[in-house]
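Please open the structure in your viewer and keep the selection tool at hand.

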Amino acid sequence: WAEAAEAEGCLVVAPEFSKAAYPESRDYNYGNVFKDDERLLPRDEWLFPVLDRIFLHVKARAGSRREQYALFGHSAGGQLVHRLVTLAFSPLIEIAISANAGSYTMPVMDVRYPFGLGGTSYTTEQERALVTRPLVILLGDSDNDPNHHSLPRDEAAMRQGPHRFGRGQAYFEAGRQLALKHEVPFAWRLEIAPGVAHSNAGLARQAARIASRR
C-alpha cells in the first residue's frame, strides 16, 4: 500500500486484529455481534466501534484536521467493512470500501446473521438508511475461483454465489433492489478491478484512488 498511498496522498493506518485476539470468524469477520452464533451481544461489545477510536487516536497523534476517514478492508476485512456499514455506520466514515469479501450479510430478514439480518431486529428505517450510505463494493474480476482455499462454504454463503466475484455482484444487486423497494437514492458503487484475483496488493492503487476521491 505504500506506493499507492504516496501516489494518492493518503495516510494509511493498518491496525492489527490478530488471530490470537480474534480467533473465530464471528470475532472479526462478523464483528462479534453474536455470542456462539446464538445470543445477540450488546452493541458496546461489538468490534465495529474500535475503528472510530483508532481514527481519533491517529488524528490526535498526527495533528490532523481531517474530520472523516476512508475505511478499506479486503477479504475478511471486506466482510467486516460492509457489516459495519450495515449495523454500526459512523458519521466519521467518509467512504467505506469492501473488497473481495468472501460472504455478505444480505439485506434480508429470513436468513440468519451473518449471512442475512435474521435475529438482529433490523427495521425498515435501517434498510432505507443502509442503501444511502457511501459504500463501494470493489471486486477483482479474476477472483472467481470456486475452489479457493479460504472461500466460505457455509450453506447460506454458497447461496450467494459460487465465488467472490459473483457474490459481490449479488450483494450489490440486492442493495439496488432494496433502494428501489423503498424508493430512496442508491448510494453504493460497484468498482471492478480488471485482471485482479484475490489480492489486496492488486487492489491497492484503485482503492487508494477511490479513497482519495480522484
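A residue is called buried when its relative accessible area is under 20%, exposed when that area is over 50%, and partly exposed in between, using a 1.4 Å probe and protein chains only. This is a predicted model, in which local features need pLDDT of at least 70 and side-chain atom pairs count only at pLDDT 80 or more, while totals for chains, interfaces and linings use all residues. Residues are numbered from 1 along each chain as its sequence is written, and side-chain values use heavy atoms, with hydrogens and water left out.

**First stop: Glu-94**

Select Glu-94, which is buried, with a relative accessible area of 18%. Side chains of opposite charge can pair when their charged atoms come close. A salt bridge here is a side-chain nitrogen of Lys or Arg within 4 Å of a carboxyl oxygen of Asp or Glu. Helices (H or I, at least four residues) and strands (E, at least two) are DSSP runs, numbered from the N terminus. Arg-66 is partly exposed, at 44% relative accessibility.

**Second stop: Arg-213**

Next, select Arg-213, whose side chain meets that of Glu-94 in a salt bridge of 3.5 Å, N to O. Arg-213 is exposed, with a relative accessible area of 64%. Show Arg-66, Glu-94 and Arg-213 together to view a network of salt bridges.

Now select Lys-59 and Glu-67, which form a salt bridge with the closest N and O atoms 3.4 Å apart. Glu-67 is exposed, at 54% relative accessible area. The count of salt bridges comes to nine.

**Last stop: Arg-133**

Finally, select Arg-133 in the loop between helix H4 (124-130) and strand E5 (135-140). A polar atom of the Arg-133 side chain lies 2.7 Å from the backbone oxygen of Val-85.

Methods: Polar contact = N/O pair within 3.5 Å; in protein donor to acceptor, adjacent residues only side chain to side chain.
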